[in-house]
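Welcome! Take a moment to look over the chain before reading on.

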Amino acid sequence: MAMLRAPRGPGEPGSGTEPGQLTPLVIPGAGGLPTGLPLAGRGGIAGARALRRMARAITSNRKATAGMVLLVFFILVGLFPGVIAHDDPNAETYRRFMGLSLHHLLGTTALGQDMFAQVVWGARPVLLIAFGVGVGATVIAMLIGVASAYLGGVWDGGLSVITDVLLVIPLFPLLIVIGSYLHGAGTLVMIAVITATGWSYTARQLRAQALSLRNRDFLEAARVRGERSLYIIVVEIIPTMTSLIVASFLTNALYAVLFSSSLQFIGLGDPNVTSWGTMLYWAQNNEAFQVAPLWIIVPGLCIVSLGAAFALLNYAFDEIGNPALRPVRSMRGNRVKRSG
């Protein structure tokens with residue numbers, strides 16, 4: 001057990017203080033940090049620094065900046081679709097397969113629906129699935145991965161077995177099997193299914209990172225103070241992994257967009273919900289590639305662009321999470337400056 005070293009009296013040899021000045025207690029098990037320092041806030045300080053690094057990485061990295069611009073654009077479209085498209089996306093009020101015009105920027109579908117309105121309104125469910133799965137899968141993976149690494153023993157063994165079982169099962173075939181039993185599933189069911197099956201790889205990554213932090217001095221200090229394991233995991237460990245957690249969120253969101261759109265395309269989603277995946281489903285059923293190719297091309301490009309936004313943002317957070325990438329880039333920048 002770590003022992004507290006009592007302060008010497010004021011003016012005593014070796015006290016290093018003037019009369020009347022207090023000497024902070026020192027905890028040897030905490031790496032010599034005085035108790036006057038905010039030990040409990042060390043995780044929060046690291047998290048704030050990580051957020052500042054992430055903001056700098058986004059603004060200094062062109063790919064990350066492009067990804068953020070794309071993501072903000074789609075978020076604005078998803079938040080205010082009625083401002084952009086004035087037609088009801090499900091209203092069958094126009095002639096079939098009308099061409100491009102000022103009133104129908106992308107033409108109409110085989111059912112007489114305005115295609116531009118469907119593309120605009122279809123952004124909202126895709127974004128809901130992306131952010132819902134991104135947050136849900138990341139939170140589950142964060143709690144399971146970090147708890148497994150910190151608690152160790154039986155907890156680590158049991159949680160690792162669950163994670164390994166999900167890792168060896170091919171995810172997309174599993175989603176197809178589940179989707180076939182939940183035929184016509186809505187947005188919330190799609191979020192729940194992809195979240196429940198897609199957190200295992202992220203949990204493995206976060207567990208490996210948490211293992212490298214388990215014996216750090218600030219965690220030893222928290223144990224000496226008598227903090228509970230839940231407090232140490234949530235307040236001390238998780239804030240120091242901010243960049244990796246955000247990168248995991250972006251990866252989960254990216255796969256959510258691809259998986260949900262693929263399931264909707266093969267008819268395992270709710271065909272009555274207007275989204276980019278269901279647009280592809282109806283376009284395929286009506287052989288739109290020969291008659292109205294924009295019915296396939298435009299929602300496909302939207303899926304690719306949203307996925308690219310998440311992927312481009314990941315470049316910045318990979319740079320934060322992997323310090324080996326930063327010196328290489330800085331050295332390249334120095335060479336350019338010297339050659340100039």
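This is a predicted model: local features need pLDDT of at least 70, side-chain atom pairs count only at pLDDT 80 or more; totals for chains, interfaces and linings use all residues.

At 1.5 Å a residue, the 24 residues of H12 should span 34 Å.

How much of H12 is buried? Of its 24 residues, 17 are buried, so the helix is largely enclosed by the rest of the structure. After H12 comes Gly-267, with a positive phi near 90°.

**A partner for H12**

Helix H9 covers residues 200–213, and H12 covers residues 242–265. Their axes come within 11 Å of each other and cross at roughly 170°. Because angles over 145 degrees count as roughly antiparallel, H9 is roughly antiparallel to H12. Which residues bring the two helices together? On the H9 side they are Thr-202, Gln-205, Leu-206 and Gln-209, and these meet Leu-244, Ile-245, Ser-248 and Asn-252 of H12. Sorted by class, this contact has three nonpolar residues, five polar ones and no charged ones.

Now move to the loop between helix H3 (81–84) and helix H4 (115–121), where Phe-97 is found. Thr-109 has its place in the loop between H3 and H4 too. Here are the two residues side by side:

| Residue | Relative accessible area | Class |
|---|---|---|
| Phe-97 | 24% | partly exposed |
| Thr-109 | 0% | buried |

Why does Thr-109 count as buried? Buried means under 20% relative accessible area, and Thr-109 has a relative accessibility of 0%. Leaving aside neighbours within four places in sequence, Thr-109 is in contact with Arg-96, Phe-97, Met-115, Gln-118 and Trp-295.

Phe-97 has something else to show you: its phi is near 50°, a positive value in a residue other than glycine. Most residues other than glycine have a negative phi.

**The whole chain**

Finally, step back. The secondary structure comes to 16 helices and two strands. The chain has 340 residues, and buried residues make up 41% of them. Among contacts between residues at least 6 apart in sequence, 67% join residues at least 24 apart. What is the accessible surface of the chain? It comes to about 18,000 Å², and 65% of that belongs to carbon and sulfur atoms.

Key:
Residues are numbered from 1 along each chain as its sequence is written. Side-chain values use heavy atoms; hydrogens and water are left out. Helices (H or I, at least four residues) and strands (E, at least two) are DSSP runs, numbered from the N terminus. Buried means under 20% relative accessible area, exposed over 50%, partly exposed in between (1.4 Å probe, protein chains only). Contact means heavy atoms within 4.5 Å. Accessible areas come from the Shrake-Rupley method with a 1.4 Å probe; for residues, only the protein chains shown count as cover. Axes are lines fitted to C-alpha atoms, for helices over the stretch in contact, and angles run from 0 to 180 degrees between N-to-C directions. Angles under 35 degrees count as roughly parallel, over 145 as roughly antiparallel, 65 to 115 as roughly perpendicular and the rest as oblique. Ala, Val, Leu, Ile, Met, Phe, Trp, Tyr, Cys and Pro count as nonpolar, Asp, Glu, Lys and Arg as charged, and the others, Gly among them, as polar. The expected span of a helix is 1.5 Å times one less than its number of residues.
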